[in-house]
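Grab a pencil and work through these exercises with the sequence and the model side by side. Try each task yourself before you read its solution.

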Amino acid sequence: MLKDNPRGRYGIDQYRPPLNYELAGKTFTFVMDDGIDQQISFLDGKTLEWNFEEQRPKRESYECLKADDTTYLMYYEIDGAEKRTGHTFVIDLENMLVTRLTAVNGEDPKDPYVNNSYFTFGAIRRPDGTTESRRHSFTDEMVGTCVQWCYGIYTTVHVYYCTSFYRITFPQDSAVSIPANEQLSSLGAQLPSSDEPASYIRIKDNMYFVNITERNMERLLGEKGRFRCNAMCFLQNYDRMYMVGRAFGAMTEKGKDSRIRLSFGAYGKFTEVPESFFTDPNPYII
């Protein structure tokens, strides 16, 4: 089993809020669109039990963050899974809806570092047994926008130029162009472009769930890229210009692998980039 990559004193999780424990003691039934209901009981602020329908409950450690007063980002990794698997949920109590992101590492027989992501939408069963008929959904509302996100020592600009990819760049302002950004920028210079696969889901007005996978960097750079096909998901609140997220993947340093499994937060602002970031062709697709 891979060891966890230690969190640096001023790493990507510097602006992460304290973990949230408000779900402790609550039980939810998620009625999912794949036809398999899932039950989760939050035993306390750190441990839950979950099961699919009639399966025996399984106990896991979890982490939970909030994007607004009624919307939670909750994550756990399935201990003992044959292939490393994590479940990330957006739990929307305002609309009684849920979205599950299942990240699986090790399904690719040629590249064990590749992460695959699967989305399932659903509703939270109410106490009277009813469920909401609406769902969270994939969206194009973010296309044509870009946001500068500050995580602490890292400040990046995400360019949302189409519904299936994103691009990343760095602020040109010398006040925020620090060595940590420069290290990441040097990695990007070794690639044809920074395009990576992305998915965009509308949770509610001005709130989106974004998933990005560093698949092209893994395919072309491998160990040289250090970050091995990490899957990053972001629950972005555009009313507060703040987001919370989690990272799932691995890092290779000096020939040794460690597991990346951490949550984080960032503050953002809308910004501008050269028009080419929206119009240049994606070199990874026909």
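## Exercise 1: the cores

In the largest nonpolar core, which has 27 residues, Trp 149, Tyr 160, Phe 234, Tyr 238 and Phe 264 touch the most other members. A nonpolar core is a set of buried Ala, Val, Leu, Ile, Met, Phe, Trp, Tyr and Cys residues joined through side-chain atoms within 4.5 Å, where buried means under 20% relative accessible area with a 1.4 Å probe, protein chains only.

Before going on, note that this is a predicted model, where local features need pLDDT of at least 70 and side-chain atom pairs count only at pLDDT 80 or more, while totals for chains, interfaces and linings use all residues. Residues are numbered from 1 along each chain as its sequence is written, and side-chain values use heavy atoms, with hydrogens and water left out.

**Solution.** 
- Step 1: list the suppliers. Those with at least two residues each include strand S11 (145-150), helix H2 (215-221) and strand S18 (256-270). Here, helices (H or I, at least four residues) and strands (E, at least two) are DSSP runs, numbered from the N terminus.

## Exercise 2: Trp 50

**Task.** Decide whether Trp 50 is buried or exposed, then find the polar partner of its side chain.

**Solution.** 
- Step 1: locate Trp 50. You'll find it in strand S4 (residues 47-52).
- Step 2: check the area. Trp 50 has a relative accessible area of 6%, so it's buried.
- Step 3: look for the partner. The side chain of Glu 60 makes a polar contact of 3.4 Å with that of Trp 50. A polar contact is a pair of N or O atoms within 3.5 Å; within protein, one must be able to donate a hydrogen and the other to accept it, and residues adjacent in sequence count only if both atoms are side-chain atoms.

## Exercise 3: Asn 105

**Task.** What do the side-chain polar atoms of Asn 105 meet?

**Solution.** 
- Step 1: check burial. Asn 105 counts as buried because its relative accessibility is 17%.
- Step 2: name the partners. One polar atom of the Asn 105 side chain is 3.2 Å from the backbone oxygen of Pro 112. The side chain of Asn 115 joins that of Asn 105 in a polar contact of 3.4 Å.

Definitions and conventions: Buried < 20%, exposed > 50% of the residue type's maximum accessible area, 1.4 Å probe, protein only.
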